Amino acid sequence: MSHRLPHPIPYQGSKRRLATQILSVVGERRYERVFEPFAGSGAITLAASAGGYAHGYTLGDSLEPLVELWCQMLEAPVSLADEYEAIWTEQLADPPGHYLRVRDEFNTGGGAAKLLYLLARCVKNSPRFNSRGEFNQSPDHRRNGMNPAKMRREINGAAALLGGSTVVECADFGVLLQEATPNDLVYLDPPWEGTSKGTDKRYRDWLSRERLVEVLEDLHVRGVPYLLSYDGRHGDKTYGDELPPSIGARRLELAAGRSSQATLNGQKVLTFESLYVATTITEQPRFVEPLGLFAAAA
Ligand SMILES: C[S@@+](CC[C@H](N)C(=O)[O-])C[C@H]1O[C@@H](n2cnc3c(N)ncnc32)[C@H](O)[C@@H]1O
């Protein structure tokens, strides 16, 4: 998996850089399907497919326009790349005004290529929605978004990796995971507890910790192998309380790099993400405690 993986959807919180480390936890084991029910940019599915981790893949998300974008990416990559190119090129005369027009058009009529352009151009590649469900994130004035030639390569790369082996579903994660069995691998990257509260919620769909725990307990009882990224810490500052033993998982810590805020302040503060690994994986006779980017959890 040393070659560069395609990553067409710029998305805040993408696991692109950590995907190889996260998947390394399952070692040599291979699965019938990999489920990624909080798909976002699908970083783990793309990496899992490149590494041959399963025969089939299921991408799910509750955000309908994002699911439409994934469907078009896999079924009609050429027209998606063409439409993106047209929208991107039109912006050059008046980038900020064009962004606002595309955003209005998207909010009235949808459109996969429009969403892709908005994600590529908006602040922190982070989709935000108002209470009416309208996309309301502002443009990032410092850049024009991924250029069309590169976007075309990324789209074609993703379609080549996932087309024909991937099912895409718009569903709540708990409903989608009813289909998973002990022969599958589930990777969950829900909105973290620390990003799901307050007025500036990062994701449109809020997820309670209780609901998450309920679904994880159910996976545990059914013997479905899963990996979960959830909360973490910057240096000594911890985000979110540890999840209970009833979910049947061990918590590892994955070194996720320097905190950008701390780097600005000239400090060297490392960020660690919690990676919960189901005991169905850690209790396999050939499970090897991962080293390197992982730290033993306290
Ligand atoms: C942290 S992001 C996932 C990022 C992803 N791992 C990546 O590499 O890009 C969380 C995603 O979960 C979706 N989501 C939020 N609540 C959900 C729910 N109840 N069921 C399914 N998807 C949900 C959001 O729309 C968002 O795309």
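Modeller: A residue is buried if 20 or more other C-beta atoms lie within 10 Å of its own, exposed if 12 or fewer, and partly exposed in between, with C-beta atoms placed from the backbone. This is a predicted model: local features need pLDDT of at least 70, side-chain atom pairs count only at pLDDT 80 or more, and totals for chains, interfaces and linings use all residues. Residues are numbered from 1 along each chain as its sequence is written.

Colleague: Why are α2 and α7 called oblique to each other?

Modeller: Their packing angle is about 60°, and their axes are 9 Å apart. Axes are lines fitted to C-alpha atoms, for helices over the stretch in contact, and angles run from 0 to 180 degrees between N-to-C directions. Under 35 degrees is roughly parallel, over 145 roughly antiparallel, 65 to 115 roughly perpendicular, and the rest oblique. The pair α2 and α7 is therefore oblique. Their crossing is left-handed. That means the near helix is turned anticlockwise from the far one by less than a right angle; clockwise would be right-handed.

Colleague: Which residues make the contact of α2 with α7?

Modeller: Thr45, Leu46, Ser49 and Ala50 come from α2, and Ala158, Leu161 and Leu162 from α7. Contact means C-beta atoms within 7 Å. By class, five are nonpolar, two polar and none charged. Nonpolar covers Ala, Val, Leu, Ile, Met, Phe, Trp, Tyr, Cys and Pro; charged covers Asp, Glu, Lys and Arg; the others, Gly among them, are polar.

Colleague: What makes α4 and α7 roughly antiparallel?

Modeller: α4 (residues 77–90) packs on α7 at about 160°, with axes 9 Å apart. The two helices are therefore roughly antiparallel. Their crossing is right-handed. The α4 side of the contact includes Leu80, Tyr84 and Trp88, and the α7 side includes Met151 and Ile155. The contact divides into nine nonpolar, two polar and two charged residues.

Colleague: How do you know whether Pro245 is buried or exposed?

Modeller: Pro245 has 9 other C-beta atoms within 10 Å, so it is exposed. It sits in the loop between β6 and β7.

Colleague: What makes the phi of Asn125 worth a remark?

Modeller: Most residues other than glycine have a negative phi. Asn125 is not a glycine, yet its phi is positive, near 50°. It lies in the loop between α6 and α7. Asn125 has 20 C-beta neighbours inside 10 Å, so it counts as buried. Asp231, in strand β5, also has a positive phi, about 60°. With 21 such neighbours inside 10 Å, Asp231 is buried.

How values were computed:
Helices (H or I, at least four residues) and strands (E, at least two) are DSSP runs, numbered from the N terminus. Two residues are in contact if their C-beta atoms, placed from the backbone, lie within 7 Å.
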